[in-house]
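Subject: Structure for you, with notes on salt bridges

Hello,

Here is the structure I promised to pass on. Please open it beside this email and follow along.

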Amino acid sequence: MKITLYGKLGEALGREVTITETDVRSISQIRRVLADRHPDLASDFLSVRVRACVNDAIVGDDHAIEAGDTVALLPPVSGG
């Protein structure tokens, strides 16, 4: 499954990361896998301020992931 990353996460890891674990079925599991894989960014991946988007809709951490879903993680945006 490919996860698109934006903001600070995308700058640190690149625009897209791949999760190959087959037992990942929810946004919270995606967050945990990425936090474990990248401990320096764990607080960002696990933050409620980083929103998850599935198929262009913002969803909660309990949202179930289906085959073919488009998943993105969106950190808060700042600027003026």
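Below are my notes on its salt bridges.

Please keep in mind that this is a predicted model. Some background comes first. Side chains of opposite charge can pair when their charged atoms come close. In this model the count comes to 5 salt bridges. Three of them are described here, including one between D44 and K8.

**D44 and K8.** Their side chains meet at 3.0 Å, N to O. D44 sits in helix α3 (residues 42-45), while K8 sits in helix α1 (residues 7-13), so the pair ties together parts that are 36 residues apart in sequence. D44 is buried, because its relative accessibility is 18% and the cut-off is under 20%. K8 is partly exposed, at 48%.

**D61 and R31.** Here the salt bridge spans 2.7 Å, N to O. D61 belongs to the loop between β4 (57-59) and β5 (71-74), and R31 to helix α2 (residues 27-37). The pair therefore ties together parts 30 residues apart in sequence. R31 is buried, with a relative accessible area of 4%. D61 is partly exposed, at 33%.

**D36 and R32.** This salt bridge has an N to O distance of 3.3 Å. Both residues lie in helix α2. They are 4 residues apart, about one turn of the helix. Is D36 buried or exposed? D36 is exposed, with a relative accessible area of 53%; the cut-off is over 50%. R32 counts as partly exposed, at 41%.

Best wishes

Definitions and conventions: Residues numbered from 1 in each chain as written. Predicted model: local features only at pLDDT ≥ 70, side-chain atom pairs only at ≥ 80, totals over all residues. Heavy atoms only, no water. Salt bridge = Lys/Arg side-chain N within 4 Å of Asp/Glu carboxyl O. Helix = DSSP H or I, 4+ residues; strand = E, 2+ residues; numbered from the N terminus. Buried < 20%, exposed > 50% of the residue type's maximum accessible area, 1.4 Å probe, protein only.
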